[in-house]
Amino acid sequence: MAVLADDASPFTDGRRERLAVLFDAHAPRLYRLARRLAPSADDALDLVQETFVRAAGALDRVPDGPAAEAWLVRTLVNLQRDHWRRAKVRSRTAAAGKGEAQTPDPERCVVARDLVWRALDALAPRRRAVIVMHELEDVPVASIATLLGVSRVTVRWHLAKGRRELARIIGAHGGMR
Amino acid sequence: MTTLKDALRLADPLAREPGPPEARVAQARRRAVVAVGVAGSRAARPVARRHVLVAGAVTAAAVAAGVAFWRGGLTPVLAAVRFEIRLAEEAQAPGLREAPVGSDPRLVYLHEAIVVSNDHIATARVVAGRDAEHFDVEVVFTPGGARRMAEATRAHIGRPVALLVDGLVVMAPTVRSAIGDRALLTGDYTRAEAERIAAGMLVR
(Lines give C-alpha, C1' and ligand atoms only; values in the text may rest on other atoms or scores of the structure.)
Protein backbone atom coordinates (compact mmCIF):
# COMPACT_ATOMS: atom_id res chain seq x y z
CA MET A 1 0.00 0.00 0.00
CA ALA A 2 1.50 3.34 -0.96
CA VAL A 3 1.91 5.88 1.79
CA LEU A 4 2.06 9.50 0.71
CA ALA A 5 5.21 11.07 2.03
CA ASP A 6 5.32 14.58 0.61
CA ASP A 7 5.56 17.23 3.34
CA ALA A 8 4.88 14.49 5.94
CA SER A 9 6.65 14.47 9.29
CA PRO A 10 9.74 12.23 9.07
CA PHE A 11 9.05 11.26 12.69
CA THR A 12 5.59 9.91 11.88
CA ASP A 13 6.67 8.38 8.57
CA GLY A 14 9.52 6.39 10.13
CA ARG A 15 7.22 5.04 12.79
CA ARG A 16 4.49 4.33 10.29
CA GLU A 17 6.91 2.41 8.11
CA ARG A 18 8.09 0.42 11.12
CA LEU A 19 4.52 -0.52 12.00
CA ALA A 20 3.85 -1.54 8.40
CA VAL A 21 6.96 -3.75 8.41
CA LEU A 22 5.84 -5.34 11.68
CA PHE A 23 2.38 -5.95 10.28
CA ASP A 24 3.66 -7.55 7.07
CA ALA A 25 6.09 -9.75 9.00
CA HIS A 26 3.83 -10.93 11.82
CA ALA A 27 0.16 -10.52 10.86
CA PRO A 28 -0.18 -13.95 9.16
CA ARG A 29 1.23 -15.77 12.18
CA LEU A 30 -0.88 -13.71 14.55
CA TYR A 31 -3.99 -14.40 12.49
CA ARG A 32 -3.38 -18.17 12.68
CA LEU A 33 -3.12 -17.97 16.45
CA ALA A 34 -6.06 -15.56 16.71
CA ARG A 35 -8.29 -17.82 14.59
CA ARG A 36 -7.64 -20.66 16.98
CA LEU A 37 -8.45 -18.47 19.98
CA ALA A 38 -11.41 -16.46 18.70
CA PRO A 39 -14.90 -17.74 17.85
CA SER A 40 -14.88 -16.62 14.20
CA ALA A 41 -12.65 -15.44 11.37
CA ASP A 42 -14.02 -11.90 11.71
CA ASP A 43 -13.28 -11.88 15.44
CA ALA A 44 -9.80 -13.19 14.74
CA LEU A 45 -9.10 -10.42 12.24
CA ASP A 46 -10.46 -7.81 14.65
CA LEU A 47 -8.13 -9.22 17.30
CA VAL A 48 -5.13 -8.93 14.98
CA GLN A 49 -6.10 -5.37 14.06
CA GLU A 50 -6.51 -4.43 17.70
CA THR A 51 -3.09 -5.91 18.48
CA PHE A 52 -1.39 -3.76 15.88
CA VAL A 53 -3.35 -0.66 16.89
CA ARG A 54 -1.99 -1.26 20.41
CA ALA A 55 1.48 -1.60 18.93
CA ALA A 56 0.96 1.67 17.06
CA GLY A 57 0.28 3.45 20.35
CA ALA A 58 3.25 1.87 22.09
CA LEU A 59 5.76 1.57 19.26
CA ASP A 60 8.67 2.57 21.48
CA ARG A 61 7.98 -0.44 23.70
CA VAL A 62 7.85 -2.92 20.82
CA PRO A 63 11.33 -4.47 20.61
CA ASP A 64 13.19 -4.97 17.37
CA GLY A 65 13.99 -8.32 15.83
CA PRO A 66 12.60 -11.70 16.97
CA ALA A 67 11.45 -10.28 20.32
CA ALA A 68 8.79 -8.29 18.46
CA GLU A 69 6.86 -11.51 17.80
CA ALA A 70 6.75 -12.28 21.53
CA TRP A 71 5.49 -8.77 22.31
CA LEU A 72 2.75 -9.05 19.69
CA VAL A 73 1.72 -12.58 20.74
CA ARG A 74 1.50 -11.55 24.40
CA THR A 75 -0.57 -8.50 23.48
CA LEU A 76 -2.91 -10.59 21.34
CA VAL A 77 -3.42 -13.21 24.05
CA ASN A 78 -4.03 -10.49 26.65
CA LEU A 79 -6.58 -8.80 24.41
CA GLN A 80 -8.35 -12.11 23.83
CA ARG A 81 -8.35 -12.67 27.58
CA ASP A 82 -10.14 -9.33 28.04
CA HIS A 83 -12.71 -10.24 25.38
CA TRP A 84 -13.19 -13.69 26.91
CA ARG A 85 -13.78 -12.28 30.37
CA ARG A 86 -16.36 -9.81 29.05
CA ALA A 87 -18.05 -12.60 27.09
CA LYS A 88 -18.21 -14.73 30.21
CA VAL A 89 -19.88 -11.88 32.10
CA ARG A 90 -22.37 -11.42 29.28
CA SER A 91 -23.15 -15.15 29.11
CA ARG A 92 -23.78 -15.28 32.85
CA THR A 93 -26.40 -12.54 32.50
CA ALA A 94 -27.90 -13.97 29.33
CA ALA A 95 -31.36 -15.64 29.39
CA ALA A 96 -31.28 -19.00 31.12
CA GLY A 97 -32.35 -22.23 29.51
CA LYS A 98 -30.43 -21.82 26.28
CA GLY A 99 -28.98 -25.29 26.73
CA GLU A 100 -26.15 -26.68 24.67
CA ALA A 101 -25.70 -25.28 21.22
CA GLN A 102 -26.52 -27.87 18.61
CA THR A 103 -25.52 -27.70 15.00
CA PRO A 104 -28.30 -28.54 12.58
CA ASP A 105 -25.93 -30.84 10.69
CA PRO A 106 -26.40 -34.40 11.88
CA GLU A 107 -23.00 -35.56 10.62
CA ARG A 108 -20.99 -36.94 13.51
CA CYS A 109 -17.73 -35.29 12.45
CA VAL A 110 -19.35 -31.85 12.51
CA VAL A 111 -20.74 -32.52 15.97
CA ALA A 112 -17.33 -33.77 17.09
CA ARG A 113 -15.61 -30.63 15.75
CA ASP A 114 -18.12 -28.45 17.50
CA LEU A 115 -17.59 -30.35 20.74
CA VAL A 116 -13.80 -30.04 20.63
CA TRP A 117 -13.96 -26.34 19.82
CA ARG A 118 -16.46 -25.64 22.58
CA ALA A 119 -14.21 -27.54 24.96
CA LEU A 120 -11.37 -25.22 23.92
CA ASP A 121 -13.66 -22.22 24.42
CA ALA A 122 -13.99 -23.21 28.05
CA LEU A 123 -10.25 -22.82 28.64
CA ALA A 124 -8.89 -19.49 29.80
CA PRO A 125 -7.16 -17.72 26.90
CA ARG A 126 -3.61 -18.18 28.10
CA ARG A 127 -4.11 -21.90 28.70
CA ARG A 128 -5.85 -22.20 25.36
CA ALA A 129 -2.96 -20.36 23.68
CA VAL A 130 -0.50 -22.83 25.23
CA ILE A 131 -2.55 -25.81 24.04
CA VAL A 132 -3.00 -24.36 20.55
CA MET A 133 0.66 -23.47 20.14
CA HIS A 134 1.92 -26.79 21.45
CA GLU A 135 -0.60 -29.22 19.98
CA LEU A 136 -1.54 -27.48 16.72
CA GLU A 137 1.50 -25.37 15.89
CA ASP A 138 4.13 -27.77 17.35
CA VAL A 139 5.86 -24.89 19.14
CA PRO A 140 8.33 -26.21 21.75
CA VAL A 141 7.72 -25.49 25.43
CA ALA A 142 10.75 -23.20 25.66
CA SER A 143 9.54 -21.10 22.73
CA ILE A 144 6.01 -20.87 24.15
CA ALA A 145 7.52 -19.65 27.42
CA THR A 146 9.42 -16.92 25.55
CA LEU A 147 6.41 -15.90 23.49
CA LEU A 148 4.09 -15.60 26.47
CA GLY A 149 6.68 -14.21 28.87
CA VAL A 150 6.27 -17.01 31.42
CA SER A 151 8.48 -19.80 32.78
CA ARG A 152 8.73 -23.24 31.20
CA VAL A 153 7.27 -24.69 34.39
CA THR A 154 4.20 -22.50 33.91
CA VAL A 155 3.83 -23.65 30.31
CA ARG A 156 4.04 -27.32 31.32
CA TRP A 157 1.51 -26.70 34.06
CA HIS A 158 -0.93 -25.10 31.61
CA LEU A 159 -0.38 -27.98 29.20
CA ALA A 160 -1.13 -30.57 31.85
CA LYS A 161 -4.19 -28.74 33.17
CA GLY A 162 -5.49 -27.98 29.69
CA ARG A 163 -5.09 -31.55 28.50
CA ARG A 164 -6.92 -32.86 31.59
CA GLU A 165 -9.80 -30.43 31.11
CA LEU A 166 -10.13 -31.19 27.41
CA ALA A 167 -9.88 -34.93 27.97
CA ARG A 168 -12.59 -34.73 30.59
CA ILE A 169 -15.01 -32.96 28.25
CA ILE A 170 -14.15 -34.73 25.02
CA GLY A 171 -13.55 -38.11 26.55
CA ALA A 172 -16.99 -38.12 28.06
CA HIS A 173 -18.46 -37.98 24.55
CA GLY A 174 -16.31 -40.23 22.48
CA GLY A 175 -13.12 -41.17 24.16
CA MET A 176 -9.71 -39.69 23.87
CA ARG A 177 -6.32 -40.83 25.03
CA MET B 1 -10.02 -43.61 20.62
CA THR B 2 -8.19 -40.56 19.36
CA THR B 3 -5.38 -38.38 20.69
CA LEU B 4 -5.89 -34.80 21.78
CA LYS B 5 -3.72 -33.65 18.89
CA ASP B 6 -5.88 -35.59 16.43
CA ALA B 7 -9.07 -34.17 17.93
CA LEU B 8 -7.74 -30.62 17.75
CA ARG B 9 -6.53 -31.02 14.18
CA LEU B 10 -9.94 -32.36 13.21
CA ALA B 11 -11.59 -29.30 14.76
CA ASP B 12 -9.05 -26.74 13.58
CA PRO B 13 -10.94 -24.08 11.59
CA LEU B 14 -7.78 -23.21 9.65
CA ALA B 15 -7.91 -26.66 8.08
CA ARG B 16 -11.23 -25.75 6.44
CA GLU B 17 -11.19 -21.99 5.90
CA PRO B 18 -9.50 -20.23 2.96
CA GLY B 19 -8.00 -17.44 5.06
CA PRO B 20 -9.11 -13.86 5.65
CA PRO B 21 -10.18 -11.77 2.65
CA GLU B 22 -7.37 -9.60 1.35
CA ALA B 23 -9.50 -6.50 1.54
CA ARG B 24 -10.07 -6.99 5.25
CA VAL B 25 -6.40 -7.61 5.85
CA ALA B 26 -5.58 -4.42 3.96
CA GLN B 27 -8.16 -2.55 6.02
CA ALA B 28 -6.64 -3.85 9.26
CA ARG B 29 -3.18 -2.82 8.06
CA ARG B 30 -4.38 0.63 7.08
CA ARG B 31 -6.09 1.23 10.41
CA ALA B 32 -2.99 0.19 12.30
CA VAL B 33 -0.78 2.48 10.22
CA VAL B 34 -3.22 5.38 10.61
CA ALA B 35 -3.14 4.75 14.36
CA VAL B 36 0.59 5.48 14.26
CA GLY B 37 -0.11 8.79 12.56
CA VAL B 38 -2.69 9.71 15.20
CA ALA B 39 -0.45 8.65 18.08
CA GLY B 40 2.77 9.97 16.55
CA SER B 41 2.67 13.57 17.75
CA ARG B 42 1.41 12.53 21.16
CA ALA B 43 4.21 10.00 21.44
CA ALA B 44 6.85 12.65 20.75
CA ARG B 45 6.64 14.23 24.18
CA PRO B 46 6.52 11.03 26.27
CA VAL B 47 9.37 9.55 24.22
CA ALA B 48 11.55 12.49 25.25
CA ARG B 49 10.66 11.88 28.91
CA ARG B 50 11.29 8.16 28.58
CA HIS B 51 14.77 8.74 27.24
CA VAL B 52 15.59 10.72 30.35
CA LEU B 53 14.41 7.84 32.53
CA VAL B 54 16.10 4.95 30.80
CA ALA B 55 19.30 6.31 29.26
CA GLY B 56 21.80 5.57 31.98
CA ALA B 57 21.83 7.07 35.48
CA VAL B 58 18.31 7.78 36.69
CA THR B 59 18.22 10.93 38.73
CA ALA B 60 15.56 11.78 41.25
CA ALA B 61 14.58 14.83 39.19
CA ALA B 62 14.14 12.70 36.08
CA VAL B 63 11.99 10.21 37.98
CA ALA B 64 9.87 13.03 39.39
CA ALA B 65 9.43 14.52 35.92
CA GLY B 66 8.37 11.18 34.53
CA VAL B 67 5.94 10.57 37.39
CA ALA B 68 4.52 14.08 36.97
CA PHE B 69 3.96 13.42 33.30
CA TRP B 70 2.29 10.04 33.67
CA ARG B 71 0.09 11.29 36.49
CA GLY B 72 -1.18 14.03 34.21
CA GLY B 73 0.72 16.84 35.87
CA LEU B 74 1.58 18.11 32.40
CA THR B 75 -0.86 19.05 29.70
CA PRO B 76 -1.07 16.18 27.19
CA VAL B 77 -0.47 17.04 23.54
CA LEU B 78 -3.51 16.44 21.31
CA ALA B 79 -2.34 14.47 18.29
CA ALA B 80 -2.67 16.51 15.07
CA VAL B 81 -4.36 14.79 12.15
CA ARG B 82 -3.20 15.91 8.73
CA PHE B 83 -6.19 16.35 6.45
CA GLU B 84 -6.05 17.15 2.76
CA ILE B 85 -8.28 17.16 -0.28
CA ARG B 86 -6.66 16.73 -3.68
CA LEU B 87 -8.05 16.33 -7.14
CA ALA B 88 -7.53 12.82 -8.53
CA GLU B 89 -7.90 10.83 -11.72
CA GLU B 90 -8.89 7.28 -12.54
CA ALA B 91 -5.96 6.78 -14.92
CA GLN B 92 -2.24 7.36 -14.61
CA ALA B 93 -0.77 10.46 -16.20
CA PRO B 94 2.53 12.34 -15.87
CA GLY B 95 2.85 14.19 -12.58
CA LEU B 96 0.24 12.11 -10.78
CA ARG B 97 0.92 9.80 -7.85
CA GLU B 98 -0.76 6.41 -7.51
CA ALA B 99 -2.58 5.70 -4.25
CA PRO B 100 -4.99 3.00 -3.06
CA VAL B 101 -8.35 4.09 -1.71
CA GLY B 102 -8.93 2.82 1.82
CA SER B 103 -9.16 -0.94 1.90
CA ASP B 104 -10.48 -1.20 -1.69
CA PRO B 105 -8.46 -2.67 -4.49
CA ARG B 106 -9.25 0.54 -6.41
CA LEU B 107 -6.41 2.94 -7.25
CA VAL B 108 -6.58 6.66 -7.94
CA TYR B 109 -3.90 9.03 -9.20
CA LEU B 110 -3.42 12.15 -7.16
CA HIS B 111 -2.69 15.66 -8.35
CA GLU B 112 0.27 17.20 -6.57
CA ALA B 113 -1.49 20.36 -5.49
CA ILE B 114 -3.45 20.36 -2.26
CA VAL B 115 -6.86 21.97 -2.70
CA VAL B 116 -7.67 22.34 1.00
CA SER B 117 -5.94 21.25 4.19
CA ASN B 118 -6.27 21.73 7.96
CA ASP B 119 -5.79 25.50 7.60
CA HIS B 120 -9.02 25.68 5.62
CA ILE B 121 -11.13 23.82 8.14
CA ALA B 122 -13.54 25.90 10.24
CA THR B 123 -15.12 23.06 12.18
CA ALA B 124 -15.02 19.27 12.26
CA ARG B 125 -17.51 17.18 14.17
CA VAL B 126 -18.57 13.58 14.60
CA VAL B 127 -21.86 12.60 12.98
CA ALA B 128 -23.73 9.32 12.82
CA GLY B 129 -22.54 6.86 10.17
CA ARG B 130 -24.20 4.02 8.32
CA ASP B 131 -25.31 2.33 11.52
CA ALA B 132 -25.19 2.70 15.28
CA GLU B 133 -21.62 1.44 15.52
CA HIS B 134 -20.03 3.56 12.83
CA PHE B 135 -19.41 7.26 12.67
CA ASP B 136 -18.34 9.85 10.13
CA VAL B 137 -16.63 13.22 10.41
CA GLU B 138 -18.30 16.30 8.93
CA VAL B 139 -15.81 18.95 7.89
CA VAL B 140 -16.91 22.58 7.32
CA PHE B 141 -14.47 24.76 5.42
CA THR B 142 -13.58 28.38 6.01
CA PRO B 143 -14.85 30.84 3.38
CA GLY B 144 -11.45 30.71 1.73
CA GLY B 145 -11.46 26.93 1.81
CA ALA B 146 -14.97 26.79 0.36
CA ARG B 147 -13.88 29.07 -2.51
CA ARG B 148 -10.88 26.86 -3.27
CA MET B 149 -13.05 23.73 -3.23
CA ALA B 150 -15.67 25.28 -5.51
CA GLU B 151 -13.08 26.51 -8.02
CA ALA B 152 -11.21 23.22 -8.11
CA THR B 153 -14.21 20.93 -8.36
CA ARG B 154 -16.19 23.08 -10.82
CA ALA B 155 -13.77 21.99 -13.56
CA HIS B 156 -13.53 18.40 -12.31
CA ILE B 157 -17.09 17.12 -12.72
CA GLY B 158 -17.27 13.36 -13.27
CA ARG B 159 -13.76 12.77 -11.92
CA PRO B 160 -12.65 11.78 -8.43
CA VAL B 161 -11.54 13.97 -5.56
CA ALA B 162 -9.41 12.34 -2.86
CA LEU B 163 -9.77 12.92 0.87
CA LEU B 164 -6.59 12.07 2.77
CA VAL B 165 -6.01 11.56 6.48
CA ASP B 166 -2.35 11.49 7.49
CA GLY B 167 -1.29 10.89 3.95
CA LEU B 168 -3.63 7.95 3.29
CA VAL B 169 -6.57 8.23 0.90
CA VAL B 170 -9.62 7.27 2.91
CA MET B 171 -12.17 7.98 0.19
CA ALA B 172 -12.29 9.21 -3.39
CA PRO B 173 -15.84 10.08 -4.41
CA THR B 174 -16.69 11.22 -7.92
CA VAL B 175 -17.54 14.91 -8.21
CA ARG B 176 -21.17 15.27 -9.29
CA SER B 177 -21.33 19.02 -8.88
CA ALA B 178 -19.01 21.71 -7.51
CA ILE B 179 -18.33 21.06 -3.81
CA GLY B 180 -19.17 23.95 -1.51
CA ASP B 181 -18.47 24.61 2.09
CA ARG B 182 -18.45 21.14 3.64
CA ALA B 183 -17.41 17.50 3.15
CA LEU B 184 -18.29 14.26 4.90
CA LEU B 185 -15.43 11.94 5.77
CA THR B 186 -16.78 8.38 5.85
CA GLY B 187 -14.47 5.55 6.91
CA ASP B 188 -16.40 3.13 9.11
CA TYR B 189 -14.86 4.82 12.12
CA THR B 190 -15.64 3.92 15.68
CA ARG B 191 -16.79 6.86 17.77
CA ALA B 192 -13.37 7.11 19.40
CA GLU B 193 -11.58 7.11 16.04
CA ALA B 194 -13.94 9.73 14.60
CA GLU B 195 -13.52 11.96 17.68
CA ARG B 196 -9.74 11.68 17.45
CA ILE B 197 -9.79 12.61 13.78
CA ALA B 198 -12.24 15.49 14.26
CA ALA B 199 -10.26 16.92 17.17
CA GLY B 200 -6.92 16.31 15.52
CA MET B 201 -7.98 18.14 12.34
CA LEU B 202 -8.38 21.34 14.31
CA VAL B 203 -4.92 21.18 15.91
CA ARG B 204 -2.60 23.66 14.21
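A residue is called buried when its relative accessible area is under 20%, exposed when it is over 50% and partly exposed in between (1.4 Å probe, protein chains only). Helices (H or I, at least four residues) and strands (E, at least two) are DSSP runs, numbered from the N terminus. The model described here is predicted, so local features need pLDDT of at least 70 and side-chain atom pairs count only at pLDDT 80 or more, while totals for chains, interfaces and linings use all residues. Residues are numbered from 1 along each chain as its sequence is written, chains are lettered from A and ligands numbered from 1 in the order in which they are written, and side-chain values use heavy atoms, with hydrogens and water left out.

Chain A holds seven helices and zero strands, and 43% of its 177 residues count as buried. Taking contact to mean heavy atoms within 4.5 Å, 64% of the contacts in chain A between residues at least 6 apart in sequence join residues at least 24 apart.

Helix α5 of chain A, residues 125-136, is mostly covered, with 11 of its 12 residues buried. Among them are A:Arg127, A:Ile131, A:His134 and A:Leu136. The charged end of A:Arg127 sits over the ring of A:Trp157, 4.9 Å from the ring centre; the rule asks for NZ of Lys or CZ of Arg within 6 Å of the ring centre and within 35 degrees of the ring normal. Just after α5(A) comes A:Asp138, with a positive phi of about 55 degrees although A:Asp138 is not a glycine. A:Asp138 lies in the loop between α5 and α6 (141-148) of chain A.

α5(A) packs against helix α1 (residues 4-11) of chain B at an angle of about 100 degrees, with the axes 10 Å apart. The two helices are therefore roughly perpendicular, a term for angles of 65 to 115 degrees. On the α5(A) side the contact is made by A:Ile131, A:His134, A:Glu135 and A:Leu136, and on the α1(B) side by B:Leu4, B:Lys5, B:Leu8 and B:Arg9.

Over all chains, the count of aromatic pairs comes to one, where ring centres must lie within 6.5 Å. A:Phe23 and A:Phe52 form this pair, which is tilted, at 4.8 Å centre to centre and 50 degrees between the planes; planes under 30 degrees apart would be stacked, over 60 edge-to-face, and the rest are tilted. The pair links helix α1 (residues 10-37) to helix α2 (residues 41-57) of chain A, 29 residues apart. A:Phe23 is buried at 4% relative accessible area, and A:Phe52 is buried at 0%.

Notes. Axes fitted to C-alpha atoms, helices over the stretch in contact; angles between N-to-C directions. Parallel < 35°, antiparallel > 145°, perpendicular 65-115°, else oblique. Phe/Tyr/Trp six-rings, centres within 6.5 Å; stacked < 30°, edge-to-face > 60°.
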